[in-house]
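Have the structure open while you read.

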Amino acid sequence: MRNLFGHSVFAKARLIYSRDPSIDAIFAELGKVGARDSQVQAMHAAQHALASLYKARKWYEIKDDDAYTALWILTTARSLAEVEVGLHGEIVDREALVDALRLNPGLFKLIYSDLLEREVSREALTLALDAIDAYLEPRAEDLFAPVLEYLDEAGGDPRAARDIAHYFRRNYDMEHLIIGCEWLSDIGVIEKASTPVKLTTRSQIDMEELAFFRVKW
């Protein structure tokens with residue numbers, strides 16, 4: 001998959017010597033990233049960002065630990081940097097945070113450099129968390145377009161969490177996508193429900209499994 005880390009190693013490499021024209025052609029093409037690869041890369045990065053954002057919210061709202069909240073915000077910033085760089089059509093690599101600070105200084109100053117260069121305060125953490133929400137929510141349908149398309153194919157019927165996870169693991173190499181679905185539900189883009197499931201093939205009693213659906217009005 002292009003624009004994930006493994007791709008950046010080759011895309012930013014320099015070909016020193018080759019006597020095979022096909023290798024020259026491969027290297028010439030490595031800097032190009034297609035629309036589908038950009039979409040998948042952004043969804044991967046956004047998924048990681050949401051996982052650490054939930055952790056930051058927990059340590060901010062429940063644990064009341066400013067230092068650990070800051071740590072998780074910085075982890076979120078790393079993933080958001082990959083989103084930002086990818087959406088700008090640039091190659092995502094290990095220096096994504098540096099590139100994102102150049103591309104979007106207003107956001108990454110709040111959620112990255114200010115948290116490292118200044119004393120961490122409750123006010124700074126609040127600004128950082130609000131800035132992350134303000135960045136992600138307007139982009140939700142674009143970042144998770146494949147999820148919405150998959151739910152739309154069901155015609156409004158709920159898709160079980162197990163089916164969603166299996167589909168995106170198989171087709172997009174994504175684990176734990178249910179975190180993204182939970183977030184989409186939290187902000188009102190999709191709805192949460194349950195579907196009956198048997199714990200074993202011989203179970204006589206149905207249990208309830210988490211599911212998601214989308215209704216397009």
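## Aromatic pairs

Which residues do ring pairs link into a cluster? The cluster is made of Y150, Y167, F168 and Y172. Two Phe, Tyr or Trp rings (for Trp, the six-membered one) pair here if their centres lie within 6.5 Å; planes under 30 degrees apart are called stacked, over 60 edge-to-face, and the rest tilted. With that rule, a search of the whole structure turns up eight aromatic pairs.

F144 and W183 make a tilted pair, with 6.1 Å centre to centre and 50° between the planes. F144 lies in the loop between helix 8 (140–143) and helix 9 (145–152), while W183 is in helix 11 (residues 178–186), so the pair ties together parts that are 39 residues apart in sequence. F144 is buried at a relative accessible area of 1%, and W183 also counts as buried, at 5%. (Buried is under 20% relative accessible area, exposed is over 50%, and partly exposed is in between, using a 1.4 Å probe and protein chains only.) Y150 and F168 go edge-to-face instead, at 5.8 Å centre to centre and 80° between the planes. That pair links distant parts of the chain, with Y150 in helix 9 and F168 in helix 10 (residues 161–172), 18 residues apart. Both Y150 and F168 are buried.

## What kind of model this is

This is a predicted model: local features need pLDDT of at least 70, side-chain atom pairs count only at pLDDT 80 or more, and totals for chains, interfaces and linings use all residues. Residues are numbered from 1 along each chain as its sequence is written, and side-chain values use heavy atoms, with hydrogens and water left out.

## Overall layout

The protein chain has eleven helices and three strands. Both are DSSP runs numbered from the N terminus, helices being H or I with at least four residues and strands E with at least two. Reading from the N terminus, the order is α-α-α-α-α-α-α-α-α-β-α-α-β-β. The C-alpha atoms fill a box of roughly 65 × 50 × 35 Å along the principal axes.

Of the chain's 217 residues, 42% count as buried. The accessible surface comes to about 12,400 Å², and 53% of that belongs to carbon and sulfur atoms; the areas are from the Shrake-Rupley method with a 1.4 Å probe, and for residues only the protein chains shown count as cover. Take the contacts (heavy atoms within 4.5 Å) between residues at least 6 apart in sequence: 61% of them join residues at least 24 apart.

## The nonpolar core

A nonpolar core is a set of buried Ala, Val, Leu, Ile, Met, Phe, Trp, Tyr and Cys residues joined through side-chain atoms within 4.5 Å. The largest one has 55 residues, and I111 and F144 touch the most other members. Helix 3 (residues 35–61) gives the most to this core, with eleven residues.

Leaving out residues up to four places away in sequence, I111 touches I73, L74, A77, L80, A128, A131 and I132.

## Charges, and the spot around R122

There are 16 salt bridges in the structure, each a side-chain nitrogen of Lys or Arg within 4 Å of a carboxyl oxygen of Asp or Glu. R122 is worth a click. Its side chain meets D64 in a salt bridge at 3.2 Å, N to O. D64 sits in the loop between helix 3 and helix 4 (66–87) and R122 in helix 7 (residues 122–136), so this pair ties together parts that are 58 residues apart in sequence. D64 is exposed at 54%, whereas R122 is partly exposed at 31% and D66 partly exposed at 26%.

The charged end of R122 sits over the ring of Y60 too, 4.0 Å from its centre. R139 does likewise with the ring of Y135, 4.0 Å from its centre. (The test is NZ of Lys or CZ of Arg within 6 Å of the ring centre and within 35 degrees of the ring normal.)

Over in helix 3, R57 and E61 lie four residues apart, about one turn of the helix. They form a salt bridge with the closest N and O atoms 3.3 Å apart, and E61 is exposed at 54%. R57, E61 and D133 are linked in a network of salt bridges.
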